[in-house]
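I opened this entry to keep track of what I look up, one item at a time. The model comes next, then my notes.

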Amino acid sequence: MISYMSSTKSPTRSLKPVKVSEAVSQYLQLKQKQALREPSLVQIRRFLLMLSSEFKSLYCYQINTAMIEEWLQSRNWKRSTIDGVLAKIGPFFSWCLREEIMNHSPLKGILLPKQDQVEPCILTPDEVLAY
């Protein structure tokens with residue numbers, strides 16, 4: 001076990017030294033046993049494997065908010081995709097907290113890009129009548 005001091009100056013807490021790739025593997029095994037819809041499981045697996053590939057040499061406790069923000073920006077995803085990714089990887093970080101692999105979630109305080117700017121669809125009178 002290693003000791004890690006959080007940036008909030010809370011007391012030192014012993015954390016399990018688990019590499020990101022190992023934690024992702026353990027979490028995916030756990031999710032596989034749950035009665036999840038297959039599309040959800042596929043998305044969870046896909047995004048966590050991307051995360052694992054990016055941070056594979058790090059211990060989970062070493063990942064911080066800035067690293068996650070940089071990773072999301074490097075993917076050139078739209079805001080709606082980022083929201084979906086965070087929804088799928090968020091429970092992984094919550095699990096890491098429960099398992100004492102991390103002492104804070106790097107998703108807390110994450111700065112998200114502005115909402116996608118979608119051009120409004122303006123229908124002609126004939127298009128409105130067609131509906």
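**Entry 1**

I began with Val-85, which lies in helix α4. This is a predicted model, so I read each value below as computed from that prediction. Is Val-85 buried or exposed? Val-85 is buried, because its relative accessible area is 0%, and the cut-off for buried is under 20%. Next I asked which residues Val-85 touches, leaving aside those up to four places away in sequence. I found Phe-47, Trp-71, Leu-72 and Trp-77. I also took one C-alpha distance: Val-85 to Leu-48 is 9.0 Å. Those two residues sit 37 places apart along the chain.

**Entry 2: α2 against α4**

Val-85 turned up again when I listed the contact between α2 and α4. I noted the ranges: α2 spans residues 38-55 and α4 spans residues 79-98. At what angle do they pack? I read about 75 degrees, with 9 Å between the axes. The two helices are therefore roughly perpendicular to each other, since angles of 65 to 115 degrees fall in that class.

Then I wrote down who meets whom. From α2 come Ser-40, Gln-43, Ile-44, Phe-47, Leu-48 and Leu-51. From α4 come Val-85, Lys-88, Ile-89, Phe-92 and Phe-93. I sorted the residues of this contact by type and got 8 nonpolar, 2 polar and 1 charged.

**Entry 3: α1 against α4**

On the α1 side I listed Ala-23, Val-24, Gln-26, Tyr-27 and Leu-30. On the α4 side I listed Pro-91, Phe-92 and Trp-95. The residues of this contact divide into 7 nonpolar, 1 polar and no charged. I marked Phe-92 in my list, as Phe-92 meets α1 and also meets α2.

**Entry 4: salt bridges**

How many salt bridges does the structure hold? I counted 2.

One joins Glu-99 to Lys-16, with the closest N and O atoms 3.9 Å apart. This pair links distant parts of the chain, 83 residues apart. Glu-99 is in the loop between α4 and α5 (125-130), while Lys-16 is in the loop between β2 (13-15) and α1 (20-33). I looked up the accessibility of both partners. Glu-99 counts as partly exposed at 31%. Lys-16 is partly exposed too, at 33%.

Arg-79 and Asp-83 form a salt bridge as well, and here the closest N and O atoms are 2.9 Å apart. Why are these two separated by about one helical turn? Because they are 4 residues apart in helix α4. Arg-79 counts as buried at 15% relative accessibility. Asp-83 counts as partly exposed at 30%.

**Entry 5: positive phi**

Asn-76 has a phi of about 60 degrees. I placed Asn-76 in the loop between α3 (65-74) and α4. Is Asn-76 buried or exposed? Asn-76 counts as exposed, because its relative accessibility is 68%, and the cut-off for exposed is over 50%.

Glu-100 also has a positive phi of about 60 degrees, and Glu-100 is not a glycine either. Glu-100 lies in the loop between α4 and α5. With a relative accessible area of 36%, Glu-100 is partly exposed.

**Entry 6: the whole chain**

I left the overview for last. What does the secondary structure come to? I noted 5 helices and 2 strands. From the N terminus on, the elements run β-β-α-α-α-α-α.

The protein has 131 residues, and 34% of them count as buried; Val-85 is buried at 0%. I looked at contacts between residues at least 6 apart in sequence: 64% of these join residues at least 24 apart.

Key: Residues are numbered from 1 along each chain as its sequence is written. This is a predicted model: local features need pLDDT of at least 70, side-chain atom pairs count only at pLDDT 80 or more; totals for chains, interfaces and linings use all residues. Side-chain values use heavy atoms; hydrogens and water are left out. Axes are lines fitted to C-alpha atoms, for helices over the stretch in contact, and angles run from 0 to 180 degrees between N-to-C directions. Angles under 35 degrees count as roughly parallel, over 145 as roughly antiparallel, 65 to 115 as roughly perpendicular and the rest as oblique. Contact means heavy atoms within 4.5 Å. Ala, Val, Leu, Ile, Met, Phe, Trp, Tyr, Cys and Pro count as nonpolar, Asp, Glu, Lys and Arg as charged, and the others, Gly among them, as polar. Buried means under 20% relative accessible area, exposed over 50%, partly exposed in between (1.4 Å probe, protein chains only). A salt bridge is a side-chain nitrogen of Lys or Arg within 4 Å of a carboxyl oxygen of Asp or Glu.
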